[in-house]
Amino acid sequence: MARKRLVKLNCPACKKPAESTNPDFPFCSERCRLIDLGKWASGGYVISSPTQDVSDSAPDHGSSEEE
Ligand SMILES: [Zn+2]
């Protein structure tokens, strides 16, 4: 029943095919996994916090009538 499905993806680091049976999936190897981690750590650390400002996208309910 719980059959492992083989999924293939391209390694995000080196674009080589990686298989889901690999413990480092979706990377092809531990090396690539570490490379990617390093990129994140040194790449400026750009994390945009998901701001869910409702007031920004919600239509005006006629409460603010200034201009
Ligand atoms: Zn790789």
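The largest nonpolar core holds five residues: Cys-11, Ala-13, Ala-18, Phe-27 and Cys-28. A nonpolar core here is a set of buried Ala, Val, Leu, Ile, Met, Phe, Trp, Tyr and Cys residues joined through C-beta atoms within 7 Å. Buried means that 20 or more other C-beta atoms lie within 10 Å of the residue's own; exposed means 12 or fewer, and partly exposed falls in between, with C-beta atoms placed from the backbone. In soluble globular proteins, nonpolar side chains tend to be buried together.

This is a predicted model; local features need pLDDT of at least 70, side-chain atom pairs count only at pLDDT 80 or more, and totals for chains, interfaces and linings use all residues. Residues are numbered from 1 along each chain as its sequence is written.

**Overall layout**

The chain has two helices and two strands. Their order from the N terminus is β-β-α-α. Helices (H or I, at least four residues) and strands (E, at least two) are DSSP runs, numbered from the N terminus. Of the 67 residues, 9% count as buried.

Confidence is given as pLDDT, the predictor's score for each residue from 0 to 100. The chain averages 80, and 61% of the residues score at least 70. Helix α2 (residues 54–57) is lowest, at a mean of 62, while β2 is highest, at 96.

Helix α1 has 13 residues and reaches 18 Å from its first C-alpha to its last, close to the 18 Å expected at 1.5 Å a residue. That expected span is 1.5 Å times one less than the number of residues. One of the 13 residues of α1 is buried, so the helix lies largely in the open.

**Around the core**

Cys-11 belongs to the core. Beyond four places in sequence, Cys-11 touches Lys-16, Ala-18, Pro-26, Phe-27, Cys-28 and Cys-32.

Glu-19 lies in strand β2 (residues 17–19). Glu-19 is exposed because it has 12 other C-beta atoms within 10 Å.

Phe-25 sits in the loop between β2 and α1. Phe-25 counts as partly exposed, with 15 C-beta neighbours inside 10 Å. Its contacts beyond four places in sequence are Ala-18, Glu-19 and Ser-20. Thr-21 is in the loop between β2 and α1. Thr-21 is exposed, having 11 other C-beta atoms within 10 Å.

| Pair | Apart along the chain | C-alpha separation |
|---|---|---|
| Glu-19 and Val-7 | twelve residues | 5.7 Å |
| Thr-21 and Leu-6 | 15 residues | 6.6 Å |
| Phe-25 and Val-7 | 18 residues | 9.4 Å |

Which residues does a cis peptide bond join? Phe-25 and Pro-26, with omega at about 5°. Pro-26 is in the loop between β2 and α1 (30–42).

Lys-15 has a positive phi, near 70°, and is not glycine. Lys-15 is found in the loop between β1 (8–10) and β2. Lys-15 is exposed because 10 other C-beta atoms lie within 10 Å. Most residues other than glycine have a negative phi, and most peptide bonds are trans.

Terms used. Two residues are in contact if their C-beta atoms, placed from the backbone, lie within 7 Å.
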